[in-house]
Amino acid sequence: MQTPFPRLINALIGKSIAETLLVGGLAVFAFITLVPPFFHGWGEVRPTGIQGWVVNNAAPWDRVEVHLYVDGEFVAKQIAVRSRPDVQAAGWARDEWHGYMFDVPPAQLRQAAAHIYEARVYALHNSGEGARKSLQQLGDPIFFYVDDGILRRPPSK
């Protein structure tokens with residue numbers, strides 16, 4: 001049995017494929033332009049502060065502005081430009097300049113070992129030519145306490 005209108009069927013299949021490619025391309029374009037970038041990062045407590053790294057996955061060569069909050073209060077902001085060759089070697093970034101180090105002077109914090117601080121580091125994303133700003137938390141909260149002027153990580157439970 002011969003299929004009726006073989007050219008019509010081929011044309012409809014071709015049209016369906018072209019529409020699928022067009023809609024898929026529009027969806028990818030909308031996702032890239034409307035959705036904020038996804039930041040990868042990590043932080044840890046060091047004796048004098050909080051250090052870590054951050055990379056914008058959408059633009060792994062860009063420098064990212066990071067903000068530090070301790071117990072919900074803004075402490076400082078900076079651009080992550082410190083050398084972190086381990087981040088580049090792991091394939092997260094195109095170069096090694098994605099590290100940050102926030103000095104947290106213990107004099108500004110209570111020296112009671114019983115008080116556990118919660119630090120959070122956020123990456124800043126500007127959109128709408130700077131008209132809109134959003135923060136994305138990097139990694140998990142970082143817990144620490146102050147003992148003899150040194151920041152320490154509390155023991156694991």
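Guide: Let's start with a pair of strands: S7 and S8, the latter covering residues 132-137, are paired in the antiparallel sense over six bridges. Keep in mind as we go that this is a predicted model.

Visitor: Okay, which residue is the bridge partner of Leu 124 in S8?
Guide: That would be Leu 135.

Visitor: And how many residues lie between the strands in that hairpin?
Guide: Four residues lie between S7 and S8, and in this hairpin Gly 128 takes a positive phi near 60 degrees.

Visitor: Switching topic, which residues have the most contacts inside the largest nonpolar core?
Guide: Those are Ile 50, Val 54, Leu 68, Val 121 and Phe 144, in a core of 22 residues. At least two core residues come from each of these strands: S1 (39-46), S2 (49-56), S3 (65-70), S6 (97-103), S7 (117-127) and S9 (142-147).

Visitor: Which strand gives the largest share?
Guide: S7 does, with four residues of the core.

Visitor: What does Leu 68 touch?
Guide: Setting aside residues up to four places away in sequence, Leu 68 touches a list that includes Ile 50, Phe 74, Phe 102 and Val 121. Glu 73 and Arg 120 are also among the residues touched by Leu 68.

Visitor: You mentioned S2 and S6. What order do the strands take in the open sheet?
Guide: The order is S1-S2-S6-S5, four strands with antiparallel pairing.

Visitor: How many bridges join S2 and S6?
Guide: Five bridges, in the antiparallel sense. If you want a spot to look at, find Gly 52, which stands opposite Tyr 100 in S6.

Visitor: Where is Arg 84?
Guide: Arg 84 is in the loop between strand S5 (82-83) and helix H2 (85-89).

Visitor: Is Arg 84 buried or exposed?
Guide: Arg 84 counts as buried because its relative accessible area is 14%, and the cut-off for buried is under 20%.

Visitor: What is Arg 84 in contact with?
Guide: Leaving out neighbours within four places in sequence, Arg 84 is in contact with Trp 42, Gly 52, Trp 53, Glu 96, His 98 and Gly 99.

Visitor: Which residue forms a salt bridge with Arg 84?
Guide: Asp 86 does, with the closest N and O atoms 2.8 Å apart. Asp 86 is partly exposed, at a relative accessible area of 41%.

Visitor: How many salt bridges are there?
Guide: The count comes to six. Another of them joins the side chains of Glu 118 and Arg 120, at 3.2 Å from N to O. Glu 118 is partly exposed at 24% relative accessibility, and Arg 120 is partly exposed at 24% too. There is also a salt bridge between Glu 44 and Arg 46, where the closest N and O atoms are 3.8 Å apart.

Visitor: One last thing, where is Val 81?
Guide: Val 81 is in the loop between strand S4 (73-79) and S5. With 42% relative accessibility, Val 81 counts as partly exposed.

Visitor: And how far is Val 81 from Val 64 in space?
Guide: They are 8.1 Å apart, C-alpha to C-alpha, and 17 residues apart in sequence. As for contacts, Val 81 has Arg 63, Trp 97 and Gly 99, leaving aside neighbours within four places in sequence.

Terms used. Residues numbered from 1 in each chain as written. Predicted model: local features only at pLDDT ≥ 70, side-chain atom pairs only at ≥ 80, totals over all residues. Heavy atoms only, no water. Core = buried A, V, L, I, M, F, W, Y, C linked by side-chain atoms within 4.5 Å. Buried < 20%, exposed > 50% of the residue type's maximum accessible area, 1.4 Å probe, protein only. Contact = heavy atoms within 4.5 Å. Pairing = 2+ DSSP bridges. Salt bridge = Lys/Arg side-chain N within 4 Å of Asp/Glu carboxyl O.
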